[in-house]
Amino acid sequence: MFGLLGILFSSLESARKKAEEKAATLQADLLREDLTNLLHKYLKSKPSVNTLQTLYSTPLPLYGNGGDFGLLAQCGPLFDRIPISWLGFDENPKRKERYELAKTLFERLTDEAQLRDPSRLYEMLRNALRGTRIVFGEEAWLQPPKGAMNEHSFKRILDEYRFLADDPSVYTIDWKGYFLLQNLEGYGQGLDRDFLAPKVVAYLYDLEPTLVEADYVPGQLNTFLESVGADKKRYSRLFRPQKSPAMRCEGRVTFREGQYNIGFDYLDGRIARFEFQTP
């Protein structure tokens, strides 16, 4: 009898969880629409730098009227680092400068970390960006298609390199501090004009990282470059047009008794790459 009761309660609990997950999924669809309207209203067509500074420094809250739903997300600039996809531009003469910037940065980071076989890692990354990879000397097609890259697939490449080259030093490099690990080819390849990451500012303008960390305020790039005597027009052609902002937002949603991770990009006035999942 007790065994049957245990099975019954287990089945009821499983059914309850499935119902909660289904309701949360429906809520996520509504949430996506609410977030689009909220950001569109707040940012309008072309927000000021001060507006973006406030948004990037303040968590974004959203609550349901019934008290059973709440969101707290943190947003930040999306194109504040050099896209890793620029390493795949070696055969594109129109994007030569982008490729050389990414390749020189890759060489500097791997040299400082004293990687055993940086050329192997470079080929692995380049092949992944082209849609192929080397598997025991043979070429195999990857899924998803050509150019696809995200933090998960990048981490997998690092793990493969570490195994093949027996080189754990690959994990000592702050890849995320310099490179945008997602490939967002469809949204352009320009850098954020105002909100470059400090390490990227130091790299692009040949400045001491400690100086940049101490004095650079995101949102005031031109003011900072003028104060240190750097040429603020040096890479102006690589910046994105100053239209609607491009940002990445991540946070936590509470819905009834469950909690869910949320992540999305806000690009060209709409939400893309919307993620909603349990922790």
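# Reading the helices, sheet and disulfide of a predicted model

Visitor: At what angle do the axes of helix H4 and H5 cross?

Guide: The axes of helix H4 (residues 118-130) and H5 come within 10 Å, and they cross at roughly 145 degrees. Axes are lines fitted to C-alpha atoms, for helices over the stretch in contact, with angles from 0 to 180 degrees between N-to-C directions. Helices (H or I, at least four residues) and strands (E, at least two) are DSSP runs numbered from the N terminus. The model is predicted: local features need pLDDT of at least 70, side-chain atom pairs count only at pLDDT 80 or more, and totals for chains, interfaces and linings use all residues. Residues are numbered from 1 along each chain as its sequence is written, and side-chain values use heavy atoms, with hydrogens and water left out.

Visitor: Which residues of H4 and H5 meet?

Guide: Contact means heavy atoms within 4.5 Å. On the H4 side, the residues are Pro118, Arg120, Leu121, Met124, Leu125 and Ala128. They meet Phe154, Ile157, Leu158, Glu160, Tyr161, Leu164 and Ala165 in H5.

Visitor: How many helices and strands does the chain contain, seen as a whole?

Guide: The chain has nine helices and nine strands. Of its 279 residues, 43% count as buried; buried means under 20% relative accessible area, exposed over 50%, and partly exposed in between (1.4 Å probe, protein chains only). Among the contacts in the chain with a separation of 6 or more, 61% come from residues 24 or more positions apart.

Visitor: In what order do the strands of the open sheet lie?

Guide: Two strands pair if DSSP finds at least two bridges between them. Here, five strands form an open sheet in the order S1-S2-S7-S8-S9, with antiparallel pairing. Strand S1 (60-63) and strand S9 (270-277) stand at the edges, and each has a single partner strand, so one side of each lacks a neighbour in the sheet. On average, neighbouring strands of this sheet are turned by 20 degrees against each other, direction ignored.

Visitor: Over how many bridges do S2 and S7 pair?

Guide: S2 and S7 are joined in the antiparallel sense over nine bridges. One of the bridges links Pro77 with its partner Met247 in S7. Helix H2 (residues 49-57) packs on the sheet, where it touches S2 and S7, and its direction makes about 125 degrees with that of S2. On the pairing of S1 and S2, which is also antiparallel, there are four bridges; Leu60 has Ala73 in S2 as its bridge partner.

Visitor: Why is S2 described as largely enclosed?

Guide: Seven of the nine residues of S2 are buried, so the rest of the structure largely encloses this strand.

Visitor: Which residues are joined by a disulfide?

Guide: A disulfide is a pair of cysteine sulfur atoms within 2.5 Å. By this rule, the count is one disulfide. The bond joins Cys75 to Cys249, with an S to S distance of 2.0 Å. The link of Cys75 and Cys249 is right-handed, with 105 degrees about the S-S bond. It connects distant parts of the chain, since Cys75 lies in strand S2 (residues 69-77) and Cys249 in strand S7 (residues 247-255), 174 residues apart. Cys249 in S7 is also the bridge partner of Cys75.

Visitor: Are Cys75 and Cys249 buried or exposed?

Guide: Both Cys75 and Cys249 are buried.

Visitor: Where is Thr110, and which residues does it contact?

Guide: Thr110 belongs to helix H3 (residues 96-112). It counts as buried because its relative accessibility is 4%. When neighbours within four places in sequence are left aside, Thr110 is in contact with Leu115, Pro118, Ile173 and Trp175.
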